[in-house]
Amino acid sequence: DLENCEQKSSKLQAEIHKIKQNSVAIASDFTMNTTITFDAKTVKVVFGKSYQQDDLKIIEGIGPKIEELFKTSGILTWKALGETSVDRLREILSKAGERYQIHDPNTWPRQSKMAYEGKWQELKDWQNTLEGGREV
């Protein structure tokens, strides 16, 4: 009986492994094929003004000059900003000079990720609690 149970257990473990591999492949395919559509009308309703897709100035604490710094550093989209480390953002600001070093980019990647994901109301609500892009 013990040998029989061990064989069944081994077969079940192999099936579980196979199912897990299939699940990972399906999840990967879903993630790669899912694109988020930018909805300018919703953005205007939530923010009270128009923004273009990937306008980094929608991020609390980023203005035209910082947006330009990031764009010249290769950070062109909300997705790219959302995937950039805070340390890298600080490095860019630091290299730009003293007047940029006072800015705190701690919330910028998270804000940008929300923008990329189209979580407009959630982003706006969180921004309402920030001061110059900083958590208080």
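Trainee: What makes a residue count as buried here, and what share of the chain's 136 residues does so?

Mentor: A residue is buried when its relative accessible area is under 20%. In this predicted model, 27% of the 136 residues count as buried.

Trainee: Which residues of helix H8 are buried, and why are they said to be on the same side?

Mentor: In H8, residues 120–127, the buried ones are Trp 120, Leu 123, Trp 126 and Gln 127. They cover an arc of only 135 degrees around the axis, which puts them on the same side of H8. There is a general rule behind this: an α-helix has 3.6 residues a turn, so residues three or four places apart point the same way.

Trainee: What do the buried residues of H8 pack against?

Mentor: Their partners are helices H2 (40–47), H4 (78–82) and H7 (108–117), together with strands E1 (130–131) and E2 (134–135).

Trainee: Nice. Now to H5: which of its residues are buried, and what makes them line one face?

Mentor: Leu 89, Ile 92 and Leu 93 are buried in H5, residues 86–95. Seen down the axis, the buried residues of H5 fall within an arc of 95 degrees, so they line one face of the helix. Their cover includes H3 (64–72), H4, H6 (98–101) and H7.

Trainee: Why are Asp 87 and Lys 95 called exposed?

Mentor: Exposed requires over 50% relative accessible area, and Asp 87 and Lys 95, on the other side of H5, are in that class.

Trainee: What follows H5?

Mentor: Gly 97 does, and its phi is positive, near 120 degrees.

Notes:
Residues are numbered from 1 along each chain as its sequence is written. This is a predicted model: local features need pLDDT of at least 70, side-chain atom pairs count only at pLDDT 80 or more; totals for chains, interfaces and linings use all residues. Side-chain values use heavy atoms; hydrogens and water are left out. Buried means under 20% relative accessible area, exposed over 50%, partly exposed in between (1.4 Å probe, protein chains only). Helices (H or I, at least four residues) and strands (E, at least two) are DSSP runs, numbered from the N terminus. The arc is that of the directions from the helix axis to the C-beta atoms. Contact means heavy atoms within 4.5 Å.
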